[in-house]
Structures are given as structure tokens and as C-alpha cells.
Amino acid sequence: MTTTIVLQQAINGVVFGSLYVLVALGLTLIYGVLVQINFAHADFVTLGAFAAYFFMHLLGAGYFLSIGVAFLVGAALGWLINASIFTPLRLKGNELLPLIATIGVSVMMQNLMLTWFGPIPYAFETEYSSQVIRFAGIFVSWQNIIIIAVSSVTIALLYAFMKFTFLGKALRAVSQDRETAGLMGINPNYLIMLTFVIASALAGMAGAMLAPVLVLTPFAGTSVIVKAFAIVIIGGFGNVEGTILAGLIVGLIESYTTQFLDPGLIDIVVFALLLVMLVIKPTGLIAERREENV
Amino acid sequence: MSDSAISQRVGNDKMLRSRWVGYLLAALCIIALPLIFNDTYWRTNLTICAINVLLALGLDFILGYTGQLNLGHSAFYGLGAYVSTLLIVKLGIPFWAAFVAGVAFAGLAGMFLSLFAVRLRGHYLAIASLGFAVIIYQILLNWISLTQGPLGIYGISPPPGIVVGGTVIADFRNLTAFFYLVSGFTLLVYLLLDQLVRSPVGETLTAIREDEVSAASLGINGAVWKVFAFGLGAAVAGAAGCFYASFVGTLVPDAFYVSEAFTILAMVIVGGMGTLIGPVFGAILLTLLPEILRGIGDLRLVVYGAALTFVVLFMPGGLVQAARMIHEKLRPGGRRP
């Protein structure tokens, strides 16, 4: 009996964990190339979710197509925030100003969505939500299988892109040393733009997959982003492997806390872990050597 | 003593005098305001303004003077409010003792958080402080046996009146008296912070903000000063929390949600961080603006967000920078080299 519960919660943990990884990877990619945080990343998740919802429920499109739409909406938002906030502020050279500006964007977006869509949660039902398969006493909905499959494939593709393609290598070069990469004929501005587009597209598609398993409100992204921030720090800022590992750990912590302790304790447990990590190992689970300019 | 030293000294005296004139004017304004705005609605707004000014001053001291991006100011505000109220309600401790305890608790919490994050660069502190605010909010919400969670604590009484020789001098059930209490305290905090940032301590803090490594080479222990500044700013937020609880009479965790921290941040940025006068006007503007634009309803926070973004993009010095630019334009002979 208990084994079943443990297994059932493990699956739930992996479902949420893989979505957190998608959101956190975007943050970590941006931090890698720019050493900046986009606070409005959360609202890209929410807007992606709403885009998928309306595309599906108003136009009657299929779920997979809706995920694609959320991906595109996220990509467009990523391009926009880079062009409007990060590019102009890069010249000013203050490391905290862009973060503060995107907090403003986030507050704006959330409250605009609140006036447009209202505070009442939307029921985002897909054709896969009610189809459940039973295996050794464990229930898994097709929705959950799709979430795990789509995010695994996406993460694998991203990983392959970073490791094996020229652009991916260039991207890693820029995150290691922007000036030297520039001297090697890599255009950092283009790559920064590309990073924002990819990162935000991941956030948008994560939104389209989160909304059916979570409640869809204008604040849906916020509850995810606080965990994504914790994941990014636990995994080590700018570290892809660490982020994947930390994301799955946080997903599992969440589902086991819900099962064995109290759902109200989730954020407390996750952030207590974050504070402990900051004390013991601020470089994250998988440490990466980083030169610091003085 | 050389001529230039004398003239500098005279200049300092002049500046000192004009500063005290400024304090006097501020005190006169505080006395006059509730007499001009004599209805309950505006007097309530005035007190809320004074509480927000206090919050903005505390955050500005942390962010503007030591460059630590604290995204969890709402936590210290909430801690001050809940600690003082629970001491009064559960243990029957007198108001002012509970006030001191609330302020001290918030200050110690700030120092504790800063100790965690002091080794880390700006972004780590931003996220750790945000996480801290989330934790405090969840504790207030979920520790129902202590805080009554979302149901809230009701019927919190205002501070006891001041009675001298049988006559009541100040009765804080009266809105005007309460406003005088909070704004008088705020003016006192401003005065103390103003003296502090002009003292060698202020120069030390600025040196750390501008370049911690160079400051260390001059023998300045950056970590100690950052923890001190964080604790002091958090303690000021705690004081604001104590006043808020006894003013509103009701405490619910939602008043100290993370978005409150962003609101305070907007006040500091719009006013002009790194100056003390800026956040005062930022707080007043952003508290009153939504009241003046009554019709906008839910768009109130959209205004906050837009103000935050556009000020950072186009006028990072906030209202203070705007005032300086206007001053330069109006001065006869135009811009001086």
C-alpha cells in the first residue's frame, strides 16, 4: 500500500518537476549569457497557458497545436522583453536595474491579465485529462504522460542543441566569456536575443502543459516561478545539468510534502532547502568553475 | 586656517542651517495637513502615507545606500505587525514594550537573512530575500493556532493615550492624533537616517556599494556593515508594521504578500533610490495617485508596474533626478558647466 503511494507520488513529482525544469532552464540560460534575471518569466508561463487555452477552446484546435501556439507566444514575448528592457539597460551597466524593470513588467502583466481574464480559475480540460491508465495499482493520466514525454524530448533537444550544434557551442562560448567570444567572430547581441527567444518559448510551452494539471489564473505563473528561482540557485546559476537535477528534486519534495506533511509547507520546505544550499554550497549542486572579474 | 577651509566651513554652516529649516518646514507641514484635510477619508490616507514613507525609507537604506536588492521587505513589515500584535493580544504586554519587541524582532530577522546572503552577489540576495518573504507569508497563513491564518486577528486596539496629571493629551483613537504619532516617528527616523548617511558611516556604506573590493582594501569589513544596514532597514519596516496593525485594527497575512514588497520597491525607485528625500515623495505619490485616479480600480497595480519599469528605463534617478533637471532648466543662465 505504502509503496503504491510512494510510486504514485513519485510520478506526480516527476510531472511537476519536469515542468519546473522547463521554466527554470529558461532562467538559467538567460543568466548564463547575460548574468541577468528576467522576473517577468513567470508571466510568460501564464500568458502561454492562456494562449493555449483560448486557442483550444475558442478555435477548437488540438492540444498539441495549442502547445505550439504557447511556444510561439513565449518566443515573441522573449524577443520583446530583450529588445525593450535588457538591450537598452545593458549600456547603463547596473546589474540590478534590469531585474527591477522586469519586476515592473511582471506587476503590469499580472494585473492586466487580471482585468482581462478575471480572478476566477479557468478549467483547462484537454482530451487527455480524463483518460487514465492503471498500472500495478498506480493511476497515470495521459495528460501526465504527455507532459513527461514532451518535456523530456524538449530538454533532450535543448541539451543536444547546446552540445552539438555550432549555435549551441557559440552560446556556451558567450556565457563563458562574452568579450573573447566576440573576438572569435560570434555576434553576442544575436545570441543574447536567441537565448531570450528560446528561454521564453520554453516558459510559454511549460504554461500550456501546467495549466491542465494546475489551476489557470492570472497568478498561475507566480507560484511556479518562485520554485523555479529556488531550482536555479539549488542547481547552480547558469548550470544546465544542475538545473535539471534540482528541478526533479523540487518536484519530488513537493509531491511528498503534500502526501506526508501538509501542502501549506511546500514553499517553506523548498526555500529552507534554498537557504541551506546558500550556506553550504552557493555554487549549486553541480559546481562549475567561474572566473570572477574584480 | 586657509581661506578655502574657512569658506568651506561657512558653506557647511549654511547647508546645516538650510537642513534644519527643511526639518522645521516638514514639521509644520505635518501639523497643518490633518487640519487642511479634515474628513476621515483623507486623514486615513495621510496616515497610510506616513506608514508607507516609513517602509520606503527602510528599504531605501538597504537598497540605495548599500546596494542590497531586498525583495522581501514585506516580510519584515509583517513580522513587526504580527510579533507586536500577538504579544499584546496573547500575553497582554503593554503597547510600547510590544512595539520595541516587534521592531527588534524584525531587525534581527533582517540581520539573520543578511548573514545568509552577505557572501553572495546581488541576484542571489534578491532571490533569497524573495524566498524569505514567501516563507514568512506561508507561516503567517498556515500557523493557524498562533496567527489564526487567513481568518485574521480582529479588534486590535490603538496605542494607549498619553495622560499627564489626569488630563488626556493625546488619544490615539482620534485619527489626527494617530497621524501625528506616525508622522512624528517617521520624521524622527528620517532625521536619524539623514545624520547617519552624512556621518563617516554613510561614507563607508557608499564605498561598499560602489566597490566592495576597493573598500576592503581600505580595511572596511563590507559584510559587517551590510548586515548592520539590512538590520536597521528591516527594523524600520518592523516599526511600520506595528503602527499598521494598531491603525487598521485587523491583521490578515494577505497584507504582507510578496506583492507588497514590490509596491514598496516601486516607491523607492520612483522617488529616487540612494537619496532619502526621494523615497518620501515616491511613497506619497504612489499612495495618493491611485486614490486620486479613483476610477481605475484594478488597474491600480498596473500603474505601479508601469511606473517602476518606465522610471528605470528613462529616469533611473526618479523624482529627484526629475527635480534636478527642472531646477537646472529654470536657473538663470541655464546649465552650468
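Predicted model: local features only at pLDDT ≥ 70, side-chain atom pairs only at ≥ 80, totals over all residues.
Residues are numbered from 1 along each chain as its sequence is written, and chains are lettered from A and ligands numbered from 1 in the order in which they are written.

Let me start with chain A, whose secondary structure comes to 11 helices and 2 strands, where helices are DSSP runs of H or I with at least four residues and strands are runs of E with at least two, numbered from the N terminus. From the N terminus, the order of elements is α-α-α-α-β-β-α-α-α-α-α-α-α. The C-alpha trace of chain A spans about 60 × 45 × 35 Å along its principal axes. Of its 294 residues, 50% are buried, a residue being buried if 20 or more other C-beta atoms, placed from the backbone, lie within 10 Å of its own.

Now to the helix pair, H2 (residues 41-59) and H3 (residues 63-90) of chain A, whose axes come within 8 Å and cross at roughly 140 degrees. The axes are lines fitted to C-alpha atoms over the stretch in contact, with angles running from 0 to 180 degrees between N-to-C directions. H2(A) is therefore oblique to H3(A), since angles under 35 degrees count as roughly parallel, over 145 as roughly antiparallel, 65 to 115 as roughly perpendicular and the rest as oblique. Among the residues making the contact are A:Phe44 and A:Phe55 of H2(A), with A:Tyr63 and A:Leu77 of H3(A); contact here requires C-beta atoms, placed from the backbone, to lie within 7 Å.

Turning to the interface, 35 residues of chain B are in contact with 31 residues of chain A. On the chain B side, the elements that give two or more residues are H4 (95-117), H5 (122-142), H11 (258-271) and H13 (300-314), and H5(B) gives the most, with 14 residues.

Which residue shall I close on? B:Val320 lies 48 residues from B:Gly272 in sequence, and their C-alpha atoms are 5.6 Å apart in space. Leaving out residues up to four places away in sequence, B:Val320 touches B:Gly271, B:Gly272, B:Thr275, B:Ile277 and B:Gly278.

How values were computed. Contact = placed C-beta atoms within 7 Å. Buried ≥ 20, exposed ≤ 12 C-beta atoms within 10 Å, placed from the backbone.
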